[in-house]
Amino acid sequence: MAVFQMGSHTHAIPMTLYRDNRAKVVNELQRAHNFGPDSKPIVLLQGGDNISHYDTDVDYVFRQESYFTYLFGVTEPGCYGTVEIKTGRSTLYVPRLPEEYAVWMGPLLGLEDFKQKYEVDAVHYVDEIANHLATVSPSVLLLLRISSPSFRRFAHIVSVVLQILS
């Protein structure tokens with residue numbers, strides 16, 4: 001069983017908690033909104049990003065975006081996630097890191113590793129969001145109003161998705 005844990009001497013939280021949180025959000029959205037029988041509403045969330053300290057190679061301590069943590073429990077920066085409202089299916093999008101990063105970060109996780117670690121239904125790379133959402137073809141994209149420095153990157157991804165879907 002996968003767990004969220006911030007160190008060996010901290011409380012281990014089962015990843016099923018985040019699956020349950022996603023189910024609660026899906027149930028509440030289904031209860032509160034009538035999207036229609038043929039609609040395909042999807043929640044799209046952006047996780048937190050690393051912030052460089054004075055444009056150097058040193059980052060501030062990373063803290064994940066709260067809503068993203070609530071639904072996915074992901075500890076890595078640069079991720080996105082979707083939840084399909086009709087089915088509850090969850091997809092995590094992770095950054096595609098160059099192999100050279102393994103020198104500093106140790107062995108890099110693959111897509112299947114992330115899927116097992118976070119107990120989501122599917123995992124893709126961030127650079128595949130637009131194409132993947134085009135295959136899912138959502139009728140409604142549910143987004144949070146964001147006012148962070150990384151919003152421009154998120155807005156670009158959303159605009160690309162909308163261009164593909166239209």
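Modeller: Let us begin with a term: strands are DSSP runs of at least two residues, numbered from the N terminus. Threonine 91 lies in one of them, strand S5, which covers residues 90–94. Please keep in mind that this is a predicted model.

Biologist: How many helices and strands does the chain have, and in what order do the elements run from the N terminus?

Modeller: There are 6 helices and 7 strands in the chain. Starting at the N terminus, the order is β-β-α-β-α-β-β-α-α-β-α-β-α.

Biologist: Is threonine 91 buried or exposed?

Modeller: A residue is called buried when its relative accessible area is under 20%. Threonine 91 therefore counts as buried, since its relative accessibility is 1%. Leaving aside residues up to four places away in sequence, threonine 91 touches Phe72, Tyr80, Gly81, Thr82, Ala122, His124 and His132.

Biologist: Where is leucine 45 placed, and is leucine 45 buried or exposed?

Modeller: Leucine 45 belongs to strand S3, residues 41–46. With a relative accessible area of 6%, leucine 45 is buried. The C-alpha atoms of leucine 45 and leucine 71 are 9.3 Å apart, although 26 residues separate the two along the chain.

Biologist: What share of the residues of the whole chain counts as buried?

Modeller: The chain has 166 residues, and 34% of them count as buried. The chain exposes about 10300 Å², and 56% of this area is supplied by carbon and sulfur atoms. As for contacts between residues at least 6 apart in sequence, 63% join residues at least 24 apart.

Biologist: Why are phenylalanine 114 and tyrosine 118 separated by about one helical turn?

Modeller: Both residues are in helix H4, residues 111–118, and because they are 4 residues apart there, about one helical turn separates them. Phenylalanine 114 and tyrosine 118 are both buried.

Biologist: How does one look for empty space in a model?

Modeller: A probe the size of a water molecule, rolled over the atoms, shows where empty space is left. In this model, the largest pocket has a volume of about 570 Å³. Its lining consists of 22 residues, and Glu76, Pro95, Leu97, Met105 and Phe114 lie nearest the centre. The lining residues divide into 12 nonpolar, 3 polar and 7 charged.

Biologist: What does the angle phi tell the reader?

Modeller: Most residues other than glycine have a negative phi. Glutamate 119 has a positive value, near 50 degrees. Glutamate 119 is in the loop between H4 and strand S6 (122–125), and counts as partly exposed at 24% relative accessibility. Serine 137 also has a positive phi, near 55 degrees. The place of serine 137 is the loop between helix H5 (129–136) and strand S7 (140–142), and its relative accessible area of 38% makes serine 137 partly exposed.

Terms used. Residues are numbered from 1 along each chain as its sequence is written. This is a predicted model: local features need pLDDT of at least 70, side-chain atom pairs count only at pLDDT 80 or more; totals for chains, interfaces and linings use all residues. Side-chain values use heavy atoms; hydrogens and water are left out. On a 1 Å grid over the protein atoms alone, a cavity is a set of points where a 1.4 Å probe fits but cannot get out, and a pocket is an open set with protein on both sides within 12 Å along at least five of seven lines; lining residues have an atom within 4 Å of a point. Grid points are joined across faces, edges and corners, and a volume is the space filled by probe spheres set on the points. Ala, Val, Leu, Ile, Met, Phe, Trp, Tyr, Cys and Pro count as nonpolar, Asp, Glu, Lys and Arg as charged, and the others, Gly among them, as polar. Buried means under 20% relative accessible area, exposed over 50%, partly exposed in between (1.4 Å probe, protein chains only). Contact means heavy atoms within 4.5 Å. Accessible areas come from the Shrake-Rupley method with a 1.4 Å probe; for residues, only the protein chains shown count as cover.
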